[in-house]
Amino acid sequence: MIQRDTPYGAFNFQVDLGTGVMAGFSDVSGLVTEMTVAEYRNGTDAENHVRKIPGIHKVGDVTLKRGLVGSKDLFDWIKQTRTEGYQAKRTVVIHLQDEARNGPVATWRLQNAMPLKYTGPTLAGKGGGDVAMEELVLSCEGYQVE
């Protein structure tokens with residue numbers, strides 16, 4: 001990551017669903033990792049306090065949202081997960097770019113990601129200016145920040 005004083009905007013990103021094709025998502029949320037701790041106290045400790053020892057880590061579910069386009073790629077992946085199970089897991093890569101869209105300034109590589117939930121658009125006959133949005137929630141076993 002290049003050293004700079006101002007934070008990057010959250011609007012310049014690309015998502016690769018493991019197929020090499022960048023999908024036009026408007027939102028990515030849930031990039032969370034959490035460490036659990038085991039509390040332990042030596043019987044010979046002079047003070048009555050616990051030591052906190054790192055335990056397993058958990059990764060949150062990642063939610064992707066985009067305007068509905070003429071593609072069934074998300075639902076095809078869900079179908080593949082239903083029929084192939086573990087073999088359908090993919091590496092999903094999220095690239096954050098700078099304002100001039102120069103290469104990635106940060107990358108999140110989601111390991112063993114699979115569709116957990118798909119929500120289709122809410123359709124309503126009123127208004128007319130709203131975009132039909134679809135949402136995909138991914139379960140992943142871990143991620144790396146590059």
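Reply: What follows is a set of questions and answers on a predicted model.

Me: Why is Q97 called buried?

Reply: Buried means under 20% relative accessible area. Q97 has 7%, so Q97 is buried. Its place is in strand 7, residues 90-97.

Me: What makes the pair of Q97 and Q14 a polar contact?

Reply: The cut-off is 3.5 Å between N or O atoms. The side chains of Q97 and Q14 make their contact at 3.4 Å. That is within the limit, so the label polar contact applies. Leaving out residues up to four places away in sequence, Q97 touches N12, Q14, N102, G103 and V105.

Me: Why is A10 called exposed?

Reply: Exposed means over 50% relative accessible area. A10 has 68%, so A10 counts as exposed. A10 lies in the segment before strand 1.

Me: What makes F75 and Y118 an aromatic pair, and of which kind?

Reply: Two values matter: the distance of the ring centres and the angle of the planes. Centres must lie within 6.5 Å, and planes over 60 degrees apart count as edge-to-face. The structure holds one aromatic pair. The ring centres of F75 and Y118 are 6.2 Å apart and the planes stand at 75 degrees, so this pair is edge-to-face. F75 belongs to helix 1 and Y118 to strand 8, so the pair ties together parts 43 residues apart in sequence.

Me: How do you know that the charged end of R90 sits over the ring of W77?

Reply: The distance limit is 6 Å from the ring centre. The charged end of R90 is 4.3 Å from the centre of the W77 ring. An angle limit of 35 degrees from the ring normal applies as well. R90 is also among the residues that W77 touches, as are L17, V92 and L138.

Me: Which residues touch the most other members of the largest nonpolar core?

Reply: They are V15, L17, F25, W77, V92, L110 and L138, out of 24 residues. Elements giving two or more residues to this core include strand 1, helix 1 and strand 9. Strand 8 gives the largest share, four residues.

Key:
Residues are numbered from 1 along each chain as its sequence is written. This is a predicted model: local features need pLDDT of at least 70, side-chain atom pairs count only at pLDDT 80 or more; totals for chains, interfaces and linings use all residues. Side-chain values use heavy atoms; hydrogens and water are left out. Buried means under 20% relative accessible area, exposed over 50%, partly exposed in between (1.4 Å probe, protein chains only). A polar contact is a pair of N or O atoms within 3.5 Å; within protein, one must be able to donate a hydrogen and the other to accept it, and residues adjacent in sequence count only if both atoms are side-chain atoms. Contact means heavy atoms within 4.5 Å. A nonpolar core is a set of buried Ala, Val, Leu, Ile, Met, Phe, Trp, Tyr and Cys residues joined through side-chain atoms within 4.5 Å. Rings of Phe, Tyr and Trp (its six-membered ring) pair if their centres lie within 6.5 Å; planes under 30 degrees apart count as stacked, over 60 as edge-to-face and the rest as tilted.
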